[in-house]
Amino acid sequence: MQLSNDEIQRYSRHLIMPEVGMEGQLKLKQAKVLLVGTGGLGAPMALYLAAAGVGTIGLVDFDVVDFSNLQRQVIHGTKDVGKAKIDSAIETMLDINPFINVVRHETALKSDNALDIIKDYDLVADGTDNFPTRYLVNDACVLLKKPNAYGSIFRFEGQATVFAYPGGPCYRCLYPEPPPPGLVPSCAEGGVLGILPGVVGLIQATEVVKLILGAGEPLVGRLMLYDALGMKFRELKLRRNPECPVCGDHPTVTKLIDYEQFCGIPAAPPPPPAGGAPAMGEIDAKGLKARMDGGNKFVLVDVREPHEFQIGRIPGSVLIPLGELPKRLNELNPADDIVVHCKMGGRSAKAIDFLKTQGFSNLTNLKGGILAWSDQVDPSVPKY
Amino acid sequence: MPKVMIPTPLRQYTDKKDSVEVAGATVGEILGALTATYPDLKKNLYNDEGKLRSFVNVYVNDEDIRYLGKDKAQVAATDTVTIVPSIAGGR
């Protein structure tokens with residue numbers, strides 16, 4: 001394999017460094033890297049790895065570009081809203097560097113396809129956003145002996161390391177088990193500083209390039225913590241656990257498992273019949289509006305946070321953030337008919353579960369939260 | 001006194017503080033005192049059997065307490081105890 005004159009010109013700032021040079025640039029060109037997710041972390045990785053000349057980049061994504069992605073997913077633009085993320089990402093990457101090959105995997109990574117997809121690559125960079133996929137990517141990488149440049153983000157904090165490097169630890173050595181569903185909020189629930197995935201994604205991309213070149217000290221056995229507000233990087237020791245069920249001395253997980261189940265997520269209920277009535281204990285946004293217009297007496301409790309309440313609210317709602325509910329129970333009366341809502345319906349369901357344990361029974365969840373209210377009743381309420 | 005670093009997801013239980021100084025000579029004593037001051041933190045750090053949850057790691061300086069004797073890990077007055085919960089965000 002050789003570089004064309006056009007490629008030599010393009011990569012000149014690499015080629016003049018002895019640590020990369022022609023040999024390193026050819027390693028990059030021959031390398032095959034799989035990016036799982038083209039969202040917050042995947043976007044900067046894909047941009048820079050394409051620019052750096054990584055010859056084959058695989059993308060796994062099945063999502064569609066949404067306006068709320070553009071605050072951080074810089075590979076997609078306003079013109080791409082509504083388009084498949086994978087198409088939008090490939091277009092941008094090939095515009096930056098037409099000398100690379102981008103492979104599409106327009107699917108969700110699952111236990112039945114992960115090994116087949118990952119086996120053709122040298123390296124994986126995990127930019128997913130949920131625990132089941134994190135454990136799936138980890139286990140598949142350990143089983144296939146493919147190093148995994150890992151990054152994760154929350155609000156203003158990030159974590160990064162390299163898992164499944166020969167002799168090094170894996171994700172299960174760091175966290176043997178996932179948190180129960182709902183205890184750790186996702187970026188969609190908890191928010192994320194738009195710049196944060198840029199910093200963390202580029203730590204991952206740096207590790208990918210170093211691993212390909214065989215240069216420097218890989219981020220193996222070290223967990224990098226990044227705190228954007230304090231502008232601090234810290235490094236913690238991370239060891240391979242000899243008892244680890246996947247990468248330990250006597251592994252008990254030798255093939256991929258059901259990761260939804262492992263993460264305590266119940267199998268999806270059968271979809272409700274199209275246009276059917278909401279489930280018991282639920283009301284849809286139109287139904288709520290009808291109850292309001294009908295003069296039906298009830299208390300509408302909004303369990304979102306005050307800064308979300310400022311963005312938009314449903315008329316007549318009372319704000320009691322989910323975390324304050326135990327302390328503010330006295331503001332509610334078990335004799336009242338209570339409708340609870342949040343942004344999308346998740347936190348309000350938790351609030352209802354809690355209220356049930358406190359002797360409340362006349363409880364209804366607003367299906368789809370204030371987003372559904374905006375869609376179905378009052379579009380002047382902004383969606384966020 | 002040793003300083004305990006509180007990660008973003010748990011600051012809602014510590015009056016939004018990002019670090020708290022807590023007296024104690026072992027990790028067990030320090031986390032015990034910390035959760036006595038901030039009771040809401042307790043169920044997020046410990047399971048019903050009173051064991052540290054497996055998606056919450058605790059470090060004394062840069063070392064994982066699982067390799068220092070867990071709750072019995074010694075903590076000096078100048079040490080930093082860091083709580084690092086699992087986060088999965090990436091989109």
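Trainee: Which residue stands opposite A:Ile57?
Mentor: A:Val102, in strand 3 of chain A. This is a predicted model, where local features need pLDDT of at least 70, side-chain atom pairs count only at pLDDT 80 or more, and totals for chains, interfaces and linings use all residues. Residues are numbered from 1 along each chain as its sequence is written, with chains lettered from A and ligands numbered from 1 in the order in which they are written.

Trainee: In what sense do strand 2 and strand 3 of chain A pair?
Mentor: Strand 2 (residues 56-60) of chain A pairs with strand 3 in the parallel sense, over five bridges. Pairing takes at least two bridges found by DSSP; strands are DSSP runs (E, at least two residues) and helices likewise (H or I, at least four), numbered from the N terminus.

Trainee: And the strand order in the sheet?
Mentor: Eight strands of chain A form an open, mixed sheet, in the order 3-2-1-4-5-6-7-8. Strand 3 (101-105) and strand 8 (232-237) of chain A each have a single partner strand, so one side of each is left without a neighbour in the sheet.

Trainee: New topic: at what angle do helix 4 and helix 5 of chain A pack?
Mentor: About 30°, with the axes of helix 4 (residues 42-52) and helix 5 of chain A 9 Å apart. Axes are lines fitted to C-alpha atoms, for helices over the stretch in contact, and angles run from 0 to 180 degrees between N-to-C directions. That makes helix 4 of chain A roughly parallel (under 35 degrees) to helix 5 of chain A.

Trainee: Which residues of helix 4 of chain A make the contact?
Mentor: A:Ala46, A:Leu47, A:Ala50 and A:Ala51, contact meaning C-beta atoms, placed from the backbone, within 7 Å.

Terms used
Parallel < 35°, antiparallel > 145°, perpendicular 65-115°, else oblique. Contact = placed C-beta atoms within 7 Å.
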